[in-house]
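Happy to look at this one with you. Have the viewer open, and let's go through it one question at a time.

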Amino acid sequence: MASGSRCTFHVRGLDCAHEVELLRAAVKDAPGVENLGFDLINGMMTVDYQDGQVDPRRLAERITKNSGLETTLVGDVEPGAETAASWWSHHGRTFTTVVSGVALAAGILLGWLGSHRAAMTCMALAVVAGGVWLFPRAARSLRRLRLDVDVLMGLAILGAMALGEWDEAATVAFLYGVSESLEALSVARARRAIRKLLEVAPDTAERIGLDGQVATIPADQVVAGDRILIRSGDKVPIDGSVLKGRSSVDQKAITGESVPVDRGPGDTVFAGTVNGDGTLEVEASGPVGDALISRIVEQVRAAQAGRAPVERRISQFALVYTPIVVAVALLVMVVPLLYAWATVGGSAVTWELGREWFGRGLVMLVIACPCALVIATPVAVVSGLASAARRGVLIKGGEFLEEVGRLRAIAFDKTGTLTLGQPDVVEVVCAPGHDDQAKVLRIAAALGDRGGHVLGKAIARHARELRIDVPAADDYTAIPGKGALGRVDTIEYHLGSHRYIDEAGLCRPEFHDELDKAETAVGTSVALTATSGPLGWIRLADQPRPEAAAVLAELHKLGLRTIMLTGDNRRTAAAVASELGVGEQRSELLPADKVSAIDEYSSLHGPTGMVGDGVNDAPALAAARVSIALGGVSSGAALETADVVLMADDLRRLPWLIRHSRATLRMIHQNIALAVGSKLAVLILALFGLANLWMAVAADVGATLVVVANALRLLRPAED
Ligand SMILES: Nc1ncnc2c1ncn2[C@@H]1O[C@H](COP(=O)(O)OP(=O)(O)OP(=O)(O)O)[C@@H](O)[C@H]1O
Ligand SMILES: [Zn+2]
């Protein structure tokens, strides 16, 4: 199979669902093109293609020619050209709409004053000004036999002119201009909101030179290893680790919570966060482009480029809806005439009758436009994604926003998710017949040091705190969900759950009973054995997250079921579950068992999401309808793999996320109902000859306006 490449284009005027259709059509037959992505917020389009089959520059020319939208390959644009045409590309539509509106108003006024010729001229001007964008696009669509908004509106305007209804034609042209400007404005609004996310990092940094002199340089010139001075009250310009100084840092830009965190030598600070009252000297970990905030912005950008499933369904609906309404419109235009001719005869087919029904048909052509309907979803989705990002919740696409809103249950991993994941050793116990506690700790630490398991690492840390010399283990092998084995001084040892050493045949009856008893105490006991038999066990205790109980209670109030999935032993699991008030719990699960538990739970209770810390729960996260990772600030891995990332190392945003997703879904549904309802109302009025063209367009524009305004409410900064 040929491998694929991706190229990105800047498309001038790409800011609504409508242009997306034009662009899709423009590349449809190009060989080698595999997948298209659209970023309405930044006016970008990405094309995935098979290597060697597509010349991106030629493709840009082709798209420009076929769609009429000026398309340039990113990297090819000279900065000068960008600004030259930009006033027109940004404000051109608004400008022509205003001209059209003024001409229309003048025309109406002159009409009242009885100056009919002058009024007609003004109306004609209003049509031309309102139609400069519309007619060329409509012509292009017609050539490709596409019935889109432009074609329908264009036909309505021409039809009205044919009937001599100049004021109607002018009104339609003007109102359509208004609706287009509104769409562009609403997208510009969302675009700004996302850009604001980026702007949290300052443009300059203060670099400390080798001679100790401080120089102000552009932030994007910082490279890994630079020493950066961050004064009290300043924003941090780059990600890095503190070399000198101590201060509190407000991480709101990243986590959405303005709880200051203490930072001193060795700690990490992030670009975009705000330094408190100390001065810090920081070693940059890399260029600004690699900073966490840049990655978040990149993810949000990519997220809103995709289409949410509701959006896709609406587009499909529009694809059917429009031709049907157009067909009805045509029937309305001809059937009454045919009927009159068949029943009464040729004399009944009068100019008056034709005019009447032709007019009603035109109204229906306008109703056939799916505008408000199509814009209803993307604006809501983009607003929803952007406002979530502002609160430290990174959602990887509209589909996940939608899925979260539909969840019926949430599964939680235990360690690191419902608990802090920082276990401490509370007890080291020797097996019957042994008495060297230090040896148990030393060997366990040697194994724990090799792997990445929290329990093993905690044991190793504890041993070092007691100044025990931890030897290096050889041939370390981890057995996920069970334990690990390895060699210390050529002797093989096993470290793991009681179940693991039972299954490995390494347990002994007396030890078994004592360990069983010990497991009634708080915490998790990890057993250590040699091949000759048990040496002892180490009990570790982890703290529940302080916010966990309240979060679980709130989720229950929101009507969600909760379940805890853990590899830990039954008693510990039960103790944690009852302390926190988790709905259900399953224990002693291997990673694969967690996957089947999620599947089972989903089929019993409906869509189930999974919350984990993204460290060792990847399979279960992947199995869930939506995977939610917490602690984006502390684990970069979570940022890449989970569908939703709570940037703070904290569960409190979870109920907010549920409410937010549900609110977004509700808003989308309201918007759709509104758009469809207003169409239906006009349709019925039109059938009875009670609606005219401007009413139909006004209903469309009105609905678009309300729908967009409604969706933008999601961007409102709220206290929570
Ligand atoms: N590398 C290891 N070192 C020591 N013990 C281990 C190791 N791997 C697993 N265990 C043992 O197996 C049990 C289950 O481990 P596992 O890593 O599956 O837990 P988990 O499912 O991640 O826990 P939780 O569900 O609480 O997050 C642990 O409680 C521990 O006793
Ligand atoms: Zn046993």
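Below are some questions and answers on the domains, the ligand shell, a helix and the sheets.

Q: Into which domains is the protein divided?
A: This is a predicted model, where local features need pLDDT of at least 70, side-chain atom pairs count only at pLDDT 80 or more, and totals for chains, interfaces and linings use all residues. Residues are numbered from 1 along each chain as its sequence is written, while chains are lettered from A and ligands numbered from 1 in the order in which they are written. The bounds come from an automatic or database domain assignment. They give domain 1 (4-84), domain 2 (204-290), domain 3 (392-411 + 546-653) and domain 4 (424-541).

Q: Which helix gives the largest share of the side of domain 3 that touches domain 4?
A: The C-alpha centres of domain 3 and domain 4 lie 29 Å apart. Contact (C-beta atoms, placed from the backbone, within 7 Å) links 9 residues of domain 3 with 10 residues of domain 4. On the domain 3 side, the largest share is 3 residues, and they come from helix H21 (residues 570-580).

Q: Which residues come nearest to ligand 1?
A: A residue is near if its C-beta atom, placed from the backbone, lies within 6 Å of the molecule. Domain 3 and domain 4 each give at least three residues to the shell around ligand 1. Of the 21 residues there, the nearest are Lys 414, Thr 415, His 453, Thr 566 and Gly 567.

Q: What distance separates the end C-alpha atoms of helix H5?
A: Helices (H or I, at least four residues) and strands (E, at least two) are DSSP runs, numbered from the N terminus. The expected span of a helix is 1.5 Å times one less than its number of residues. H5 has 16 residues (116-131), so it should span 22 Å, and the computed separation agrees: 22 Å.

Q: Which strands are the edges of the open sheet of 6 strands?
A: Two strands pair if DSSP finds at least two bridges between them. The order in this sheet is E6-E5-E7-E13-E8-E11, with antiparallel pairing. Each edge strand pairs on one side only, and the edges are strand E6 (214-218) and strand E11 (268-269).

Q: Which residue stands opposite Arg 6 in E3?
A: Strand E1 (residues 4-11) and strand E3 (residues 44-50) pair in the antiparallel sense over 7 bridges. Across from Arg 6, the residue in E3 is Asp 48.

Key:
Two residues are in contact if their C-beta atoms, placed from the backbone, lie within 7 Å.
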